[in-house]
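Please read them with the sequence and the coordinates open.

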Amino acid sequence: MLAMLSSATPAAFEPTRDEPQLDWDHWFPSATALSANASLPTTLPFTPVEPQSIDATAARYLSPNGDAIAFIYDSPTYGRLVIVEALPDIPDPTMRAQSFSNQVAQSKLPQAFGSASIVSIAGEMALLTSSEDLSRSMVEVVKNGVQFSVLGPSLQPSVVVEAATAALGESTSTTPPLSS
Amino acid sequence: MGARGRAGALLITEVLIFLVLFPAQPAQAIDCSVEDQVITQMKPKATLGKGDAGWLYVRDRDLGVNCSGSAAFSTVNIHNISFTRWVEGGWVEKWDCYTCNPRTKKWRGFMEGMSASGQGFGGFNQGWSIPGSDVGTWDKFRINNNAGTTLWNWWWAEDANGSYSEMQWAPGGFYDWDFGFSQSYVFAETGRYPAGTNSGTGARDHFNNLEYKSSGWQGWEDNLDPMGGNYGYDNMDGWKWSHVGAREYEIVSCASPCLATIVGASGGQSL
């Protein structure tokens, strides 16, 4: 969303680098709340997976079209943690790997802000992105045909990698140095 | 004071007014700057909310002296299914040369892509000059995914039926950007001054024909409910989308609270 600055002088606006309007409480616009005790819905176009090893109970929400699910935690270890599951944005693994590499390369260009790097989560190639000040991060990884996006409003890169590794149930993470 | 004196005083007054209106404009260009905006976003049709691209018509208008009545920017943006990534193209009107005869104006376009981590990119394009007399016509903007890839780019067409030009939105010859997804929800968005500061309705909050292409790249389809059933999903009390007719919408003020016609941001019903 466009960030507007003072109107005192011409050219007083620029593309956003500020906080977008993210809803960390429900994640999706017009989300549908699911009961915490109910079984995971069977109407999703993929088989959802209950994230593992997160030390809190998740609030669950469905996306407006019922094609994605968000698990929202208040974890003593990670703080507010959001895990979104959906069909992969890029179904083809080769194309996905190429796109991850492209995004890492783009993150070093002058028009970019924040950082991007490739990491391994649960034995899968994953994309780790972070804000300019590294205070907020996200891991995106596809496993067994489901795309997991693990993120939070205040998660540093190493912490989100740890959370994603815990959530996906394996501890095979290796974290190369972040790009800058 | 004689006639020459009055004429001289009048000339000085005009010069002073001009300098006040346009204090520093070496290129005689004027940005229609904005501040303290609220944003509302057009919700896509639930059943047709996925698309490869979004077309949006915006209406040219007279910007007035020093952009008087200028109120907002507009964008078309596309989110991925997880709502963790989005790519957005937008524009702000500006006078390209106010003192020229004839005057010219520009759409100042930008493109940006963001992920929910705060990582992303952004850049502006100064656009092309449009005659200042071009008022009431519909220009057309498109944010586009290159079929079969995760590359995105940004297009503009003057007067709707003209030829489309790709906007080079970043230095170094960049037109395309890989943003890791290829299709999903298509939105239109506009910003407004808070009520009372500048409530003029401009081209930028007057939308028409938001369309999308399905994943198979079939023909363009309506994204908005022609019956006027789509409302902004951002909850901006005091503003609402108004169905003008056919597939045309504008955003208008409403007495607070006017949430009944604006779908809340989230947290809907429970199952």
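1. Among the contacts in chain B between residues at least 6 apart in sequence, 66% join residues at least 24 apart. The model is a predicted one, and this percentage is computed from it.

2. Chain B has one helix and 18 strands. Its length is 271 residues, and 48% of them count as buried.

3. Which strand of chain B is largely enclosed by the rest of the structure? That description applies to β10 (residues 138–145) of chain B, because seven of its eight residues are buried. The cut-off behind this is 20 or more other C-beta atoms within 10 Å of the residue's own.

4. Strand β10(B) has antiparallel partners. Seven bridges join β10(B) to strand β4 (residues 53–59) of chain B, and in this pair Y57(B) stands opposite K140(B). Six bridges join β10(B) to β11 (residues 151–157) of chain B, where F141(B) faces W156(B) across the pair. Both pairings run antiparallel.

5. The strands β10(B) and β11(B) form a hairpin with five residues between them. In that hairpin G148(B) takes a positive phi near 80 degrees.

6. In chain A, eight strands make up an open sheet with antiparallel pairing, in the order β3-β4-β5-β6-β11-β10-β9-β8. Its edge strands are β3 (32–34) and β8 (115–121) of chain A, each of which pairs on one side only. From one strand to the next, the twist averages 25 degrees.

7. Within the chain A sheet, strand β4 (residues 59–62) and strand β5 (residues 68–75) are joined by four bridges and run antiparallel. R60(A) stands opposite F71(A), a residue of β5(A).

8. Helix α1 (residues 93–106) of chain A packs on the sheet and touches β8, β9 (124–130) and β10 (137–143) of chain A. The direction of helix α1 makes about 145 degrees with that of β8(A).

9. Which strands does helix α2 (residues 157–167) of chain A touch as it packs on the sheet? They are β6 (79–86), β8, β9, β10 and β11 (146–151) of chain A. Here the angle is given against β10(A): the direction of helix α2 makes about 30 degrees with that of this strand.

Terms used:
Residues numbered from 1 in each chain as written. Chains lettered and ligands numbered in written order. Predicted model: local features only at pLDDT ≥ 70, side-chain atom pairs only at ≥ 80, totals over all residues. Helix = DSSP H or I, 4+ residues; strand = E, 2+ residues; numbered from the N terminus. Buried ≥ 20, exposed ≤ 12 C-beta atoms within 10 Å, placed from the backbone. Contact = placed C-beta atoms within 7 Å. Pairing = 2+ DSSP bridges. Axes fitted to C-alpha atoms, helices over the stretch in contact; angles between N-to-C directions.
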